[in-house]
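Me: Hi, I have a structure open and would like to talk it through slowly. Could you help me with what surrounds the ligand and then with a few other places?

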Amino acid sequence: MSKTANISINGQSYDLPLVEGSEQEQAIDISKFRGQSGVITIDPGFKNTGSTQSAITFLDGEKGILRYRGYPIEQLAEKSSFLEVSYLLIYGELPSSSELESFASEITTHTMVNEDIRKILDGFPSSAHPMGVLSSLVTAQTAFYPASLDPNRSPDEINIGIIRLLAKMPTFAAWAFKKQKGHPLIYPNNQLDYCSNFLNMMFGLPATQYEADPAVTSALDQLLILHADHEQNCSTSTVRIVGSSQASLYASISAGINALWGPLHGGANQAVIEMLENIKADGGDTKKWMAKAKDKDDPFRLMGFGHRVYKNFDPRARIIKKAADDVLEKLGVVDPILDIAKGLEEEALSDQYFVDRKLYPNVDFYSGIIYRALGIPTDMFTVMFALGRLPGWIAQWKEMRENGEPIGRPRQVYVGETDRNYIDISSR
Ligand code: SDX
């Protein structure tokens, strides 16, 4: 197979190297193309542009395949744990039992946060969206760990920063929720596992520990696995480009949290539930809302549907849809919006507009229904997404730094005014 691509422009021919990955994906390496031809490429939203070569996550949008470090998401969701998957993504291999035990123990002993975090938290009104609180508290880590600002930190120093972030994000997330409720903060309990500790900080009270139903902790652990990484999505690309300037891990992850917040990205899980509740309040007429989603003059989109890469079922959506049925049954929860969601899915999968555009349910379509059943409020859903995505962001940031990738600085095509002289205000 040829290892070069040929492009001809204005009669001039250019050979460009072809890069091929371990799954036979091919890319044209244009890194020297502008120097040869004076021409750049352009691709708004980077829909067809690769930013890096990565060994972390592989997904095939046409076939609906997702693997973390080569392991299929279906197997990891069924057999692994969130901490084990976090170790796999960050360090590249599944841990031995002693490695996993030591990793979990290190995280457990770093869950406590500096008491001054409470002063930052006190500065927020209870109306603050938890995502804004979360990104602020993560950035604030640079104040408590100023050594994290040193771009020349040793691998061990970077690793302790990684452990601190994995350990403290659940505390930040739960405290953002407690702040919003006006409830007393619950401190981390080192006797509890990762999910039980988080749920206790969320729903526990000073006098009584929250006893999580095993069905709840298991469902939460699986949801976090399913959100753990997804190659070069919007928020991960944000983490990489911020980190490429040698900004600290905390600054880079905080930027990723803010990118995830948007309703077209991680904010979609909150938008899906709000959409389903609107449809329910409107009488449950899914055909009316499907028509709105297809109407170009109507800004309404079917949230939780469509994906930049998946043009088949998002494999995570399949797993989450089944988990939603299982969790609601185990908890004895009947949620009418689940039926509305299933009705919408059924209609969309047989609607020509959606079929032609290969729009399928994505990871956000059913996840909110499980979070609701677990008692997690709607505006905390994207915080849950961020908790899950944290190891992936960390792994991608670490890979980018270890590979010595250059600072991200895309080019542009200028379409503004050409050269012109200043005009005095008196004559404007
Ligand atoms: C996540 O990248 C990732 O990996 C992200 C993620 C991850 O794990 O990190 O998977 C998580 O962000 C999932 C996506 C969550 N977002 C939503 O559910 C919001 C609703 N979806 C859409 O906004 C949209 O599908 C996107 C943003 C997800 C993808 O948009 P693209 O790839 O830019 O596609 P597009 O907007 O150009 O749409 C192509 C066509 C258009 O119609 P035409 O102009 O061709 O006629 O499909 C239509 C769109 O109008 N379309 C939809 C639609 N999504 C796309 N029409 C109605 N409802 C929708 N949801």
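Me: Let's start at the ligand: how far is a nitrogen atom of the ligand from a polar backbone atom of Leu302?

Reply: In this model, which is predicted, a polar backbone atom of Leu302 and a nitrogen atom of the ligand are 2.8 Å apart.

Me: And what about side chains, say Tyr353 and Arg389, what lies how far from what there?

Reply: For Tyr353, a polar side-chain atom is 3.1 Å from a nitrogen atom of the ligand, while for Arg389 a polar side-chain atom is 2.8 Å from an oxygen atom of the ligand.

Me: OK, and how much of the ligand does the protein bury?

Reply: The ligand taken alone exposes 1,100 Å², and 80% of that is buried by the protein.

Me: Which residues come nearest to the ligand?

Reply: There are 24 residues around the ligand, and those that come nearest are His230, His307, Arg308, Arg316 and Arg389. Arg389 is also the residue whose polar side-chain atom lies 2.8 Å from an oxygen atom of the ligand.

Me: Changing topic, what is the order of the three strands in the open sheet?

Reply: The order is β1-β2-β3, and the strands of this open sheet pair in an antiparallel way. The edge strands are β1, covering 4-9, and β3, covering 26-28, and each of these pairs on one side only. On average, neighbouring strands of the sheet are turned by 30 degrees against each other, if direction is ignored.

Me: How many bridges join β1 to β2?

Reply: Six bridges join β1 to β2, and the two strands run antiparallel. As one example of residues facing each other, Ile9 stands opposite Gln12 in β2.

Me: And how many join β2 to β3?

Reply: Strand β2, residues 12-20, is joined to β3 by three bridges, and these strands also run antiparallel. Here Glu20 stands opposite Gln26 in β3, and Leu18 stands opposite Ile28 in β3.

Me: What about the hairpins, how many residues sit between the strands in each?

Reply: The hairpin of β1 and β2 has two residues between the strands, and in it Asn10 takes a positive phi near 45 degrees. The hairpin of β2 and β3 has five residues between the strands, and there Gln24 takes a positive phi near 60 degrees.

Me: Is Asn10 buried or exposed?

Reply: Asn10, which lies in the loop between β1 and β2, counts as exposed because its relative accessibility is 80%, and the cut-off for exposed is over 50%.

Me: Where is Phe46, and what is its phi like?

Reply: Phe46 lies in the loop between α1 and β4, and although it is not a glycine, Phe46 has a positive phi of about 50 degrees. Because its relative accessibility is 55%, Phe46 counts as exposed.

Me: Last one, where is Gln53 placed, and how far is it from Leu66 in space?

Reply: Gln53 is in the loop between α1 (33-37) and β4 (57-60), and because its relative accessibility is 57%, Gln53 counts as exposed.

How values were computed
Residues are numbered from 1 along each chain as its sequence is written. This is a predicted model: local features need pLDDT of at least 70, side-chain atom pairs count only at pLDDT 80 or more; totals for chains, interfaces and linings use all residues. Side-chain values use heavy atoms; hydrogens and water are left out. A residue is near a molecule or strand if one of its heavy atoms lies within 4 Å of it. A polar contact is a pair of N or O atoms within 3.5 Å; within protein, one must be able to donate a hydrogen and the other to accept it, and residues adjacent in sequence count only if both atoms are side-chain atoms. Accessible areas come from the Shrake-Rupley method with a 1.4 Å probe; for residues, only the protein chains shown count as cover. Two strands pair if DSSP finds at least two bridges between them. Helices (H or I, at least four residues) and strands (E, at least two) are DSSP runs, numbered from the N terminus. Axes are lines fitted to C-alpha atoms, for helices over the stretch in contact, and angles run from 0 to 180 degrees between N-to-C directions. Buried means under 20% relative accessible area, exposed over 50%, partly exposed in between (1.4 Å probe, protein chains only).
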